[in-house]
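Visitor: I would like to learn how to read a structural model feature by feature. Could you take me through one, giving the general idea before each case?

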Amino acid sequence: MRTDMEWWTEVRRRVLTGELSKRGACREYDLGWHTLTKILAHAEPPGYRLSRPRKRPKLEPFLPIIHRILEEDGKQPPKQRHTAKRIFERLRDEHGYDGGETIVKDAVRAWRQSRREVFVPLSHPPGEAQVDFGEATVRLAGEPTKVALFVMTLPYSGAIFIQAFPRECTETFHEGHARAFSFFGGVPKRISYDNSAIAVTKVFPGRERMLTKEFLRLRSHYLFQEHFCLVRRANEKGHVERLLGFARRNFLVPVPDVTSLAVLNERLVVSCEKDLERRTRGKSSCKRDLLLDDRAAFLPLPKQRFEARRLVQASANSESLVRFDRNDYSVPVAYAHRRLTIVATVLEVRLIFEDRLVARHARCWEREKTCYDPVHYLALLERKPGGFDVARPLEEWSLPDCFGLLRRRLEAEDDRHGTRSYIRVLRLLEKFPLKELTAAVEQALAIDVTDAESIRTILDHRADEPVTVFSLDGRSHLARVHVPTTDVASYGVLLGGQAS
C-alpha cells in the first residue's frame, strides 16, 4: 500500500513532466481542481491549517470567568489551585454552562501556556559559584536515614562538590563551605544563594537583604561577594539545582549503605574528583582543565582556619543539664543554674562559663536525647553517696575491672564511708585521663594502698620524686620522699669557676 507521500509525489511527477494532463489527473485520481492545484504548488502535503481561530460560541461568554479563576489561583497555595476539571464543574454548576469538558480543558491549557515564563540564558564567567541544599536517603548503620546534601557548583567549569550532613543548619552550612573551598583550591569571588533563613533574616523588595550574624562572619572570613536570588526565581541558580539532581542520580544510586556519614563523604569526594574528567555539552575540554580558569579567578584561601560553628547561650537547669538543639548536655554540678555559652560544631558541643571550657560532648543529631558525662556528677555524689548506684548519669558507665575491685576493698575496710572514699578516687578523673587513673589504681592495688591521696601521689609521681609506703592507723599510705641532692654548681664557685 502506497503512503500519502508516495501518492502525492506520483501525481506531481506525472503532471509536471507532461506525462498526464491536469484534467486527466483529476479523472484518474478522483481529485478536485483546487486539490490538484494545491498538490502541484507544494512539494509535500502542507498539512491542515486554520486561516483564523475556530469560533467557540458556547464557551466564548465564559472565557472571562475562566481567566479570572486562573488569575486568582496565583495567590492561592499551590496544592489548592483549580484543575481544568474543577473549573468545568464550577462553570456548569454556578454559571449554567452546558458545553463539553474538553473545550474547557483546551481553553485552560492555552491560557497557562501563554503565561509560562521564558528565561534568558545567563553568562557565567570564571570564579563564580552557586550553593544549595537538597535531600537524599542513605542506609546509615543499616537504618534508612534522610540526610541533607550541601552542594556547591562552579557554572563556568561545571565542577561540583557535595557532602552529606545530618541536617541543614548553620553549622553544616559553614562546614560545607569550608570543605568546598578546600576541595576547589580557593574561594569563588561571587556565590549565589536562595533566601534561606540560615543566611537571611529579612527579604526586602529587589536584591536587598538583612543577613544573619553567622553568614556575615562567614563572608567576612572568606571575603566573597554574595548574590541572593529574587523570590521564586530559582532559575538564577539553576546550574546547582541541575547538578544536584545529577549527583543524586549518579553518586547516590544505588542507595549507599555506610557505617557513618564520614565514610559516605569520603566516597562523595572521590566521585567529585572522578567527575572532573567529564566533558559537558558545549564545553571545549573536560571540567578539570576548565577548573584551572576558575582557580585563576578565585580569591586565595585565608591562612587562618575558619571554625564552622554556631554560638548560643542557655542556662543549666537543676539537674546540671543545658538544652541545645532539642537535646540535653551535662555540665559539672558547680555550674547548675548558671548561664553558659554553647559552641556547637558538626562534631561536638562545647560549653563555656565566662572564659573557661567546662564541658565537651560529641554532637548528638537525634532528638530529645540526654548526653551525660558521669564525671560531672561525682562532686554531688560525694556529698550524697547514697545515690551512687541509682544515679542515671552513671547507668551506662563502664569502667575497667580494677575499679570494681577497688570499691569492694574500700567498702570492706569501711562499710560506712567506703563508697564516699571510692567516689573520691573517681573524682581524680576531673584532672586525669581514665587511662592514667586506671594504671594508678592497678599499681595501688598491687602495693595495697587504696586511699585517694595515695592514688593521687602515684599519679603525680615523677622519676626524681620517689614514693614510699608508710603505715598510719593500720592502713598503708604513700608519700613522696625528699632526696637531698648535691649542688655541684656551688663547688664551681668555691673553686673559682673551674669545676668540670
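Guide: Let us start with burial, where buried means under 20% relative accessible area, exposed over 50% and partly exposed in between, with a 1.4 Å probe and protein chains only. Asn-327 has a relative accessible area of 0%, so it counts as buried. This is a predicted model, in which local features need pLDDT of at least 70 and side-chain atom pairs count only at pLDDT 80 or more, while totals for chains, interfaces and linings use all residues. Residues are numbered from 1 along each chain as its sequence is written, and side-chain values use heavy atoms, with hydrogens and water left out.

Visitor: Where is Asn-327 found, and which residues does Asn-327 touch?

Guide: Asn-327 belongs to strand 11, residues 327–330; helices (H or I, at least four residues) and strands (E, at least two) are DSSP runs, numbered from the N terminus. A contact means heavy atoms within 4.5 Å. Leaving aside residues up to four places away in sequence, Asn-327 touches Val-322, Cys-364, Glu-366, Arg-367, Glu-368 and Lys-369.

Visitor: How should I read backbone angles, and what is the phi of Asp-325?

Guide: Most residues other than glycine have a negative phi, and most peptide bonds are trans. Asp-325, although not a glycine, has a positive phi of about 50°, and Asp-325 is found in the loop between strand 10 and strand 11. Ser-320 also has a positive phi, near 60°; Ser-320 lies in the loop between strand 9 (310–315) and strand 10 (321–324) and is buried, with a relative accessible area of 1%. As for peptide bonds, the one from Val-253 to Pro-254 is cis, with omega near 0°, and Pro-254 sits in the loop between helix 9 (238–251) and strand 8 (257–258).

Visitor: How do I read charged pairs, and with which residue does Asp-325 form a salt bridge?

Guide: Side chains of opposite charge can pair when their charged atoms come close. A salt bridge here is a side-chain nitrogen of Lys or Arg within 4 Å of a carboxyl oxygen of Asp or Glu. Asp-325 forms one with Arg-367, the closest N and O atoms being 3.5 Å apart. This pair links distant parts of the chain, 42 residues apart, with Arg-367 in the loop between strand 14 (356–362) and strand 15 (370–371). Asp-325 is buried at a relative accessible area of 19%, whereas Arg-367 is partly exposed at 36%.

Visitor: How many salt bridges does a search of the whole structure find, and which residues are linked in a network?

Guide: The search finds 40 salt bridges, and a network of them links Glu-214, Arg-217, Glu-307, Arg-309, Glu-348, Arg-350 and Arg-360. Glu-348 and Arg-360 meet at 3.1 Å, N to O, and this pair joins strand 13 (residues 348–353) to strand 14, twelve residues apart.

Visitor: Last, how do I read a helix, and what does helix 5 pack against?

Guide: An α-helix has 3.6 residues a turn, so residues three or four places apart point the same way. The buried residues of helix 5 are Ala-84, Ile-87, Phe-88, Glu-89 and Leu-91, and these pack against helix 4 (63–73) and helix 6 (101–114). The expected span is 1.5 Å times one less than the number of residues, so the twelve residues of helix 5 (residues 84–95) should span 16 Å, which agrees with end C-alpha atoms 15 Å apart. Just after helix 5, Gly-96 takes a positive phi of about 75°.
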